Amino acid sequence: MWLCPLCKSAISLHSKAIKCENNHSFDKAKSGYVNLLPVQFKKSKVPGDDKAMVKARREFHELNAYKPLKDRLVQRLAQHLIPSNDTASLVAVYDAGCGEGSYLDAVVNGLKQLGYNCSGAGSDISKIAVEIASKAFKTHQFVVASSFDLPLEDASQDVMIQVFAPGSNSEYVRALKCDGLLLTVDPSADHLYEIKSQIYDNPKKHESKDTQRENLRAVLSERLTFPIALTSKAHALALIKMTPFYWKLPQGRIDDIVEALSAVTADFHIQLWQKAE
């Protein structure tokens with residue numbers, strides 16, 4: 001299902017030497033991920049989120065505070081996946097902008113528990129994020145790549161997910177099979193509003209609206225809101241470290257916010273589309 005990012009010919013990530021028919025070669029790390037982002041395609045020396053932010057997200061997801069969101073994603077996909085006559089048929093799930101891999105793993109394992117035969121793969125522009133994902137979730141394949149130029153064959157994916165990440169609609173449409181599903185998650189109005197209230201005198205709420213996507217049929221749009229009780233200062237700190245606020249505020253200010261927070265609101269805008277041909 002993989003393509004060379006330089007010439008778009010097919011490649012296999014399972015061979016020892018990863019090369020396309022035109023002799024473009026790519027590095028495979030000891031942890032299993034493959035770097036499919038050529039240096040000439042990078043817009044900075046170290047693109048994507050840095051190591052500290054990615055590690056903070058991994059710490060937070062290990063606490064599983066976003067489990068209601070992950071469960072809802074699995075539920076909605078299962079409701080709209082087109083059943084196959086072949087019980088052994090493989091459902092290919094791809095996370096574009098996968099970060100440290102938690103959402104991909106939750107979706108794949110959740111669908112497996114419902115009886116689906118699934119494979120999982122994901123990409124992120126951050127090499128650090130992909131390295132952490134490949135170490136944490138060894139049953140999935142991860143690559144370093146841009147979501148605006150996915151190294152995927154046409155019509156190769158049954159499900160694509162995009163959680164809090166930018167991406168290209170035309171790339172999603174190209175990579176999805178006929179009747180394939182695209183699932184996206186963005187912050188809704190009250191997401192982490194308690195943290196904003198600690199920082200700003202007049203905090204603004206997120207604006208969320210339904211998105212129109214060319215060559216995709218809107219299937220579902222919903223808001224999911226739930227409280228998160230911060231059971232310890234470490235829990236609160238892990239959450240704040242996931243946000244840009246942590247990296248912009250002085251340490252003393254962060255300590256004050258951690259001390260003041262006992263709960264936050266998680267608020268998400270979930271949208272689902274199906275490829276129409």
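User: In helix α5 (residues 169–175), about how many helical turns separate Glu 171 and Arg 174?

Analyst: This is a predicted model, in which local features need pLDDT of at least 70, side-chain atom pairs count only at pLDDT 80 or more, and totals for chains, interfaces and linings use all residues. Residues are numbered from 1 along each chain as its sequence is written, and side-chain values use heavy atoms, leaving out hydrogens and water. A helix is a DSSP run (H or I) of at least four residues, and a strand (E) of at least two, numbered from the N terminus. Glu 171 and Arg 174 are three residues apart in α5, so the separation is about one helical turn.

User: With which residue does Arg 58 form a salt bridge?

Analyst: A salt bridge needs a side-chain nitrogen of Lys or Arg within 4 Å of a carboxyl oxygen of Asp or Glu. Arg 58 lies in helix α1 and its partner in the loop between β6 (90–96) and α3 (102–113), so the pair ties together parts 42 residues apart in sequence. The closest N and O atoms are 2.7 Å apart, and the partner is Glu 100.

User: Which residues does the salt-bridge network of Asp 190 join?

Analyst: Lys 205 forms a salt bridge with Asp 190, their closest N and O atoms being 2.7 Å apart. Salt bridges that share partners make one network of Asp 190, Lys 205, Arg 223 and Asp 267.
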